[in-house]
Structures are given as C-alpha cells and as structure tokens.
Amino acid sequence: LRAPWPGGITSFLAAIAAGIAISVMVHEGAHGVTAAAFGCAPAKLRALAYFGVIPVFVLSIPGLYTLKPTKRIAVWMAGPLGSLAVAGCAVEIAGALHGSGLLDAWLYKFAAINVGIAIYNLCPLLPTDGYFVLSTLLRRANIRRHAWNEMKALARWTRRPKAALLVYAAASGL
C-alpha cells in the first residue's frame with residue numbers, strides 16, 4: 001500500500017486537474033494539428049456536458065466537412081491516437097524512473113486514463129470520434145437522430161421501424 005498523497009487532498013486534486021488538462025490538450029491538439037495539415041484551421045475548444053453530466057470537449061474545425069472522407073477520418077482518429085501516444089510516453093517515463101515512488105505511480109494512472117479516453121472516444125454509440133468515423137464510413141449523417149426517431153416510431157406504432165437503427169438506438173441508450 002502506498003502512503004497518502006503528499007500535501008493532502010489539495011495537491012492530489014491539483015495533480016488530477018493537471019492530468020485532465022494535459023490529456024484534453026493532447027487529444028484535441030492532435031485533432032487540430034491533423035486538421036491544420038489538411039488546410040482546416042481549428043477555431044475554438046468548448047467544454048460541454050453530454051446528458052448534463054458526462055464531460056465532453058469539442059474542438060470546432062470550420063471546413064472539416066469539405067475534406068475528403070479519408071481526411072476527415074484521419075482528423076477524427078488523430079485524437080484517440082494522440083491519447084494512446086501520450087499514454088505510451090507516460091509508461092516509458094514511469095518505467096525509466098524504476099519505481100521511484102509517487103511520480104511513476106501517477107504516470108501509470110495517467111497512462112491508464114488516456115487509454116480509457118482513447119477507447120471512450122472510439123465508441124460509435126456516443127457522439128464521439130468513433131461515431132463520426134462510423135457516420136463517414138456508412139455515408140450517413142445523423143445516425144443517432146435517425147435511430148432515436150426509429151425508437152419513437154416503435155413506441156407510437158406509426159410505422160415499422162428499421163431494425164438496424166433500433167438496435168443502434170438501444171445500444172447507445174444503454
């Protein structure tokens with residue numbers, strides 16, 4: 001077992017806040033750098049609350065939908081890949097410290113959180129990078145809205161809903 005965090009709860013929360021800030025900047029920065037390489041300049045970073053509780057950070061990139069689908073996918077995939085890259089760097093640095101204490105423990109936790117961020121962002125059931133990749137691959141915009149409309153059609157018995165969209169709506173609702 002490890003000793004309590006030195007400096008108490010305040011320094012512990014500061015370390016968490018620093019980790020979150022680094023993670024968000026790397027993830028969204030990777031989107032921005034990739035978009036800029038394709039000629040689209042990022043405009044602003046916004047923090048939103050999905051369902052009022054799940055924090056979501058969104059980088060606005062004007063002109064993104066003017067890019068070819070392969071380039072849009074590259075922009076969306078850059079964020080999760082950036083998260084995985086920073087996780088790998090954290091593991092390498094922690095390994096180089098050879099178990100020297102609190103910093104390497106923090107780095108391993110930081111790496112695990114960034115792997116989680118990458119996985120979360122690849123989920124096509126939420127409005128994340130994975131959702132936009134799926135929409136692009138299927139060449140269908142607003143899959144979530146269409147899926148929820150199918151759920152409404154089922155509930156109201158107004159027409160026979162499309163099974164694939166019903167399954168998608170149920171999965172994303174869970």
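Me: Which residue just after α1 takes a positive phi?
Reply: In this predicted model, G39 does, with a phi of about 95°.

Me: And what about just after α5?
Reply: There W157 has a positive phi, of about 55°.

Me: Back to α1. What span should its 30 residues have, and how far apart are the end C-alpha atoms?
Reply: At 1.5 Å a residue, α1 should span 44 Å. Its end C-alpha atoms lie 43 Å apart, so the two values agree.

Me: Which residues of α1 are buried?
Reply: The buried residues are A15, G19, S23, V24, H27, E28, A30, H31, G32, T34 and A35.

Me: What covers them?
Reply: The cover includes the strands β1 and β2 (54–60), together with the helices α2 (69–96), α3 and α4.

Me: Take α3, then. At what angle does it pack on α1?
Reply: Helix α1 (residues 8–37) and helix α3 (residues 102–122) pack at about 45°, and their axes are 11 Å apart. That angle makes α1 oblique to α3.

Me: Is that crossing left-handed or right-handed?
Reply: The crossing of α1 and α3 is right-handed.

Me: Which residues meet there?
Reply: From α1, A15, G19, I22, S23 and H27 take part; from α3, their partners are W106, F110, N114, I117 and N121. The residues of this contact comprise 5 nonpolar, 5 polar and no charged.

Me: Why would residues three or four places apart in a helix point the same way?
Reply: An α-helix has 3.6 residues a turn, so residues at that spacing point the same way.

Me: Switching to α5: how many residues does it have, and what is its reach?
Reply: Helix α5 (residues 143–156) has 14 residues and extends 20 Å from its first C-alpha to its last. This is close to the 20 Å expected at 1.5 Å a residue.

Me: Which of its residues are buried, and what covers them?
Reply: In α5, I143, R144, A147, E150 and A153 are buried. Their cover includes β1 (44–50), α4 (129–138) and α6 (163–173).

Me: On α4, where is S135 found, and is S135 buried or exposed?
Reply: S135 is in helix α4. Its relative accessibility is 10%, and because buried means under 20%, S135 counts as buried.

Me: What does S135 contact, leaving aside neighbours within four places in sequence?
Reply: With those neighbours set aside, S135 is in contact with R140 and I143. I143 is also one of the buried residues of α5.

Definitions and conventions
Residues are numbered from 1 along each chain as its sequence is written. This is a predicted model: local features need pLDDT of at least 70, side-chain atom pairs count only at pLDDT 80 or more; totals for chains, interfaces and linings use all residues. Side-chain values use heavy atoms; hydrogens and water are left out. Axes are lines fitted to C-alpha atoms, for helices over the stretch in contact, and angles run from 0 to 180 degrees between N-to-C directions. Helices (H or I, at least four residues) and strands (E, at least two) are DSSP runs, numbered from the N terminus. Angles under 35 degrees count as roughly parallel, over 145 as roughly antiparallel, 65 to 115 as roughly perpendicular and the rest as oblique. A crossing is left-handed if the near helix is turned anticlockwise from the far one by less than a right angle, and right-handed if clockwise. Contact means heavy atoms within 4.5 Å. Ala, Val, Leu, Ile, Met, Phe, Trp, Tyr, Cys and Pro count as nonpolar, Asp, Glu, Lys and Arg as charged, and the others, Gly among them, as polar. The expected span of a helix is 1.5 Å times one less than its number of residues. Buried means under 20% relative accessible area, exposed over 50%, partly exposed in between (1.4 Å probe, protein chains only).
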